[in-house]
Amino acid sequence: MKTRISVVVVLTLLFAISYPVVSRKNAENDKKKEIRQVMARVANWQMQNFTYKTTGSGGYLHDYGIDAWTNATLYMGLARWAAMAEDPEPYYNWLYEIGETNEWRIPANFGEFLYHADEFCIGQFYLDMYEVYKEEKMITATRERLEWVLANPPKPDMNYKNKQVWSWCDALFMAPPVYLRLARLTGEHRFLEFMHEQIRKTFTHLYSPEDRLFYRDDSYFEKQEQNGAKIFWGRGNGWVVAALANLLRDLPGNDPQRDFYEDLFRTMVSRLVSLQDKDGFWHASLLDPESYPSPETSATALITYALAYGINTGLLDRNTYQTPVRTAWKALLSTINEEGKLGYVQPIGADPKKVTADMTAVYGVGAFLLAGTEMLQMD
């Protein structure tokens with residue numbers, strides 16, 4: 001009898017010890033399942049409602065063509081999601097067709113647009129697809145454009161009117177990762193050297209050390225918000241921290257510049273978290289949210305992506321940043337309707353603007369999918 005009682009006691013104790021662990025695992029699995037479901041819903045809605053222009057005034061499709069930076073950001077998010085989806089084939093098939101339709105080209109082949117950072121964003125998507133399919137045609141045009149830029153150095157003037165250099169903060173998301181990833185793929189260090197040089201110029205020109213934020217471009221140096229604060233655009237700074245996450249993902253650990261990027265990343269993230277509102281959002285204006293009270297999901301998604309990436313890679317302290325990132329993710333989920341449409345995305349622009357619940361845009365969806373892929377990897 002004593003033996004039987006002892007066995008029962010031991011089993012009871014073992015169950016009591018293991019139950020919390022099992023419960024936590026089940027809860028974590030449920031969270032990941034929910035993330036997968038909402039990402040699939042958002043991705044599928046956007047694919048079903050995807051459009052682009054084929055004609056425009058003077059052939060100007062910089063913001064609206066199939067290979068525009070706007071759509072490229074969506075493709076990047078979809079490609080990352082496809083790599084983690086339980087059924088990746090529909091996403092990869094859709095993305096492959098996009099590349100085939102565009103013949104894997106880099107947009108714009110005239111004037112300053114040969115240098116324009118936004119036109120390079122599509123190259124990141126092509127490199128994503130090359131990693132899956134290893135088809136040389138996917139990166140031929142990208143490499144040719146980068147080769148051309150290096151052979152024809154841009155005008156060096158750092159002012160917002162000169163789009164040959166990265167004279168606006170968004171540019172850091174659009175072009176630098178293309179140079180980095182091509183350098184790693186080809187082993188040609190000159191692409192990396194060019195990238196480092198140009199990023200340093202942008203940093204020196206647009207970063208405010210006292211504010212730990214980037215001006216969108218130098219036309220905002222002397223401008224003020226309604227409350228008298230400096231104008232620091234939410235999405236603009238979101239582009240920068242997301243760019244830093246993308247760069248750190250691929251930058252070799254022994255690169256002499258890595259410490260610079262890591263320090264900047266941590267400094268900006270710390271500042272941005274201090275500007276997060278109580279509901280988890282960031283606003284169109286970082287220093288005057290009262291004038292722009294609506295949430296802004298493209299900024300929130302880009303910053304969430306950076307936060308989650310930083311935690312997952314150990315660049316950021318988990319105890320410090322886990323609550324802000326989970327609060328931000330919950331906030332993003334509140335802006336998605338039953339069909340999967342993401343709302344509160346500020347339209348194309350360069351500074352803070354009013355946002356409403358019915359506003360959406362492909363780059364906001366791309367940023368949301370990037371954020372989701374990192375949230376899926378969080379413990």
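Predicted model: local features only at pLDDT ≥ 70, side-chain atom pairs only at ≥ 80, totals over all residues.
Local features required pLDDT of at least 70 and side-chain atom pairs pLDDT 80 or more, while totals for chains, interfaces and linings use all residues. Residues are numbered from 1 along each chain as its sequence is written, and side-chain values use heavy atoms, without hydrogens and water.

The structure contains 20 salt bridges (a side-chain nitrogen of Lys or Arg within 4 Å of a carboxyl oxygen of Asp or Glu). One group forms a network: R143, E147, E188 and R190 are linked by salt bridges.

K230 pairs with two acidic residues, E210 and D211. In the bridge to E210, the N to O distance is 3.2 Å. This pair links distant parts of the chain, 20 residues apart. E210 sits in the loop between β1 (207-208) and β2 (213-214), and K230 in the loop between β2 and α9 (234-250). Helices (H or I, at least four residues) and strands (E, at least two) are DSSP runs, numbered from the N terminus.

In the bridge between D211 and K230, the closest N and O atoms are 2.7 Å apart. D211 also lies in the loop between β1 and β2, so its bridge to K230 ties together parts 19 residues apart in sequence.

Accessibility was computed with a 1.4 Å probe on protein chains only; buried means under 20% relative accessible area, exposed over 50%, and partly exposed in between. D211 is buried, at 10%. K230 is partly exposed, at 26%. E210 is exposed, at 67%.

E103 and R105 form another salt bridge, with closest N and O atoms 3.8 Å apart. E103 is exposed, at 55% relative accessibility. R105 is partly exposed, at 42%.
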